[in-house]
Amino acid sequence: MPVLELLMKYEIAIFLLVLAGLVAIKILTGEINTSGLLFGRISARKKGQDQYFSPERVQLLLFSVGAGFYYLTLVLNNSNPGTFPDIPQTWPGLLGGSNAIYLGGKAYARWLAK
Amino acid sequence: METLTLLAGYLVCGLVGILGVFILWKIADGSIDLSRLISEPNGDASLSRFQFLVFTFVIALSLFLVIVSVKPATFPNIPGTVLSLLGISGSSYLISKGIQFSDPAGVADRSTDIVISPATAIVRYGQSQQFKAEVPRKPGSTVKWQVIAGIGTVSAMGLYTAPAASPAGTTQPQHATIQVTSDEFPDASDLAVVTLA
């Protein structure tokens with residue numbers, strides 16, 4: 001049974017890591033489309049002139065990637081095996097705020113901006 | 001009984017492994033197309049989809065690490081704060097889609113146009129001019145370059161090279177028309193006109 005357990009462990013670990021690696025490589029090489037990731041579109045403007053650089057997307061991108069890596073480091077350094085490490089109470093508020101800024105910018109560009 | 005359980009375990013492990021390798025192989029060779037994994041229907045990449053992707057990988061890797069850190073492996077409790085983070089990300093995604101779908105332009109697929117730049121150029125004899133082509137629907141996709149009228153040559157990378165000298169006996173300005181065609185969308189093409197000086 002220990003051999004089977006070990007086999008399954010490695011199987012899942014390799015699958016997850018290779019999948020994450022493939023997605024990361026495809027994003028970095030442009031095979032996964034990332035055009036316009038940091039740009040919004042203003043609905044009221046005509047095509048070709050509607051795209052604008054969006055700082056609210058930049059902050060959400062940094063926050064999402066930062067929060068992801070931070071949580072992985074918490075899991076790797078978890079002193080209490082078998083449990084998910086808890087995160088500071090302020091994090092949901094921060095992530096909520098970051099998402100609210102992004103959504104606010106998107107809604108403004110879609111409905112109000114000229 | 002124990003032998004049978006073990007045998008079934010190995011069988012399931014083998015099948016899951018084969019399925020996993022098959023999926024990864026198909027993703028790697030492009031048969032499973034992930035090019036629009038984080039794209040909106042109109043072709044723009046979506047940050048809320050990207051955030052969802054990052055969090056999904058983080059939670060999947062974390063779940064795996066947490067489960068294998070104890071023996072026997074057990075499914076752990078997920079803290080409320082982690083669930084609330086995922087809830088915020090999911091809600092943000094849904095609201096973002098609501099905003100996106102409130103306008104037909106946010107849903108309509110982007111055309112399969114190809115745009116060449118510059119559209120016109122003046123090139124001296126013996127000199128070169130680099131042209132670029134953009135396929136908004138699928139950035140980075142391969143294109144084909146050719147000179148369809150006039151003189152000069154164009155490389156596979158879009159570098160137009162004029163002949164060393166004007167053809168003998170010509171007094172009028174010479175022109176060349178360069179065509180770029182998308183390999184992905186063969187019906188999409190654009191032209192640039194070169195005036196030789």
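Okay, let's start with a distance: in chain B, the centres of domain 1 and domain 2, taken over C-alpha atoms, are 44 Å apart. Those domains cover residues 2–107 and 115–196, with bounds that come from an automatic or database domain assignment.

Before I go on, some housekeeping. What you see is a predicted model, where local features need pLDDT of at least 70, side-chain atom pairs count only at pLDDT 80 or more, and totals for chains, interfaces and linings use all residues. Residues are numbered from 1 along each chain as its sequence is written, while chains are lettered from A and ligands numbered from 1 in the order in which they are written.

Back to chain B. What is its secondary structure made of? It has 4 helices and 9 strands; by these I mean DSSP runs numbered from the N terminus, H or I with at least four residues for helices, and E with at least two for strands. Along the sequence the pattern reads α-α-α-α-β-β-β-β-β-β-β-β-β. Chain B is more spread out than a compact globule, because its radius of gyration is 27 Å, well over the 16 Å that the globule rule gives for 197 residues. That radius is taken over C-alpha atoms, and the rule is 2.2 Å times the number of residues to the power 0.38. Along the principal axes, the C-alpha atoms of chain B fill a box of roughly 95 × 45 × 25 Å.

How much of chain B is buried? Buried residues come to 22% of its 197. A residue is buried if 20 or more other C-beta atoms lie within 10 Å of its own, exposed if 12 or fewer, and partly exposed in between, with C-beta atoms placed from the backbone.

Now the sheet. In chain B, 4 strands form an open sheet in the order 2-9-8-5, and the pairing is mixed; two strands pair if DSSP finds at least two bridges between them. At the edges sit strand 2 (120–123) and strand 5 (143–150) of chain B, each pairing on one side only. Direction ignored, neighbouring strands of this sheet are turned by 25° against each other on average, using axes that are lines fitted to C-alpha atoms, for helices over the stretch in contact, with angles from 0 to 180 degrees between N-to-C directions.

Let's follow strand 9 of chain B. Strand 2 and strand 9 (residues 189–196) run parallel and are joined by 4 bridges, and Val123(B) has Leu196(B) as its bridge partner. Strand 8 (residues 174–182) runs antiparallel to strand 9, with 8 bridges joining them; here Gln179(B) is partnered by Leu191(B). Strands 8 and 9 of chain B form a hairpin with 6 residues between them. Which face of strand 9 is covered? The covered one has Asp190(B), Ala192(B), Val194(B) and Leu196(B), while Ser189(B), Leu191(B), Val193(B) and Thr195(B) lie on the uncovered one.

On to where the chains meet. 54 residues of chain B are in contact with 52 residues of chain A, contact being C-beta atoms, placed from the backbone, within 7 Å. On chain B, the elements giving two or more residues to that side are helix 1 (2–28), helix 2 (47–68) and helix 3 (80–101). Helix 2 of chain B gives the most, with 14 residues. By class, this side of chain B has 34 nonpolar, 16 polar and 4 charged residues. Here Ala, Val, Leu, Ile, Met, Phe, Trp, Tyr, Cys and Pro count as nonpolar, Asp, Glu, Lys and Arg as charged, and the others, Gly among them, as polar.

Two residues of chain A are worth a look. Asn99(A) is in helix 3 (residues 90–112) of chain A. Is Asn99(A) buried or exposed? Asn99(A) counts as buried because it has 24 C-beta neighbours inside 10 Å. Leaving out residues up to four places away in sequence, Asn99(A) touches Leu60(A), Ile88(B) and Ser92(B).

The other is Glu31(A), in the loop between helix 1 (2–28) and strand 1 (39–41) of chain A. Glu31(A) has 19 C-beta neighbours inside 10 Å, so it counts as partly exposed. Neighbours within four places in sequence aside, Glu31(A) is in contact with Lys26(A) and Ser35(B).

Last, chain A has two domains as well, domain 1 (1–34) and domain 2 (36–114), and 25 Å separate their centres, taken over C-alpha atoms.
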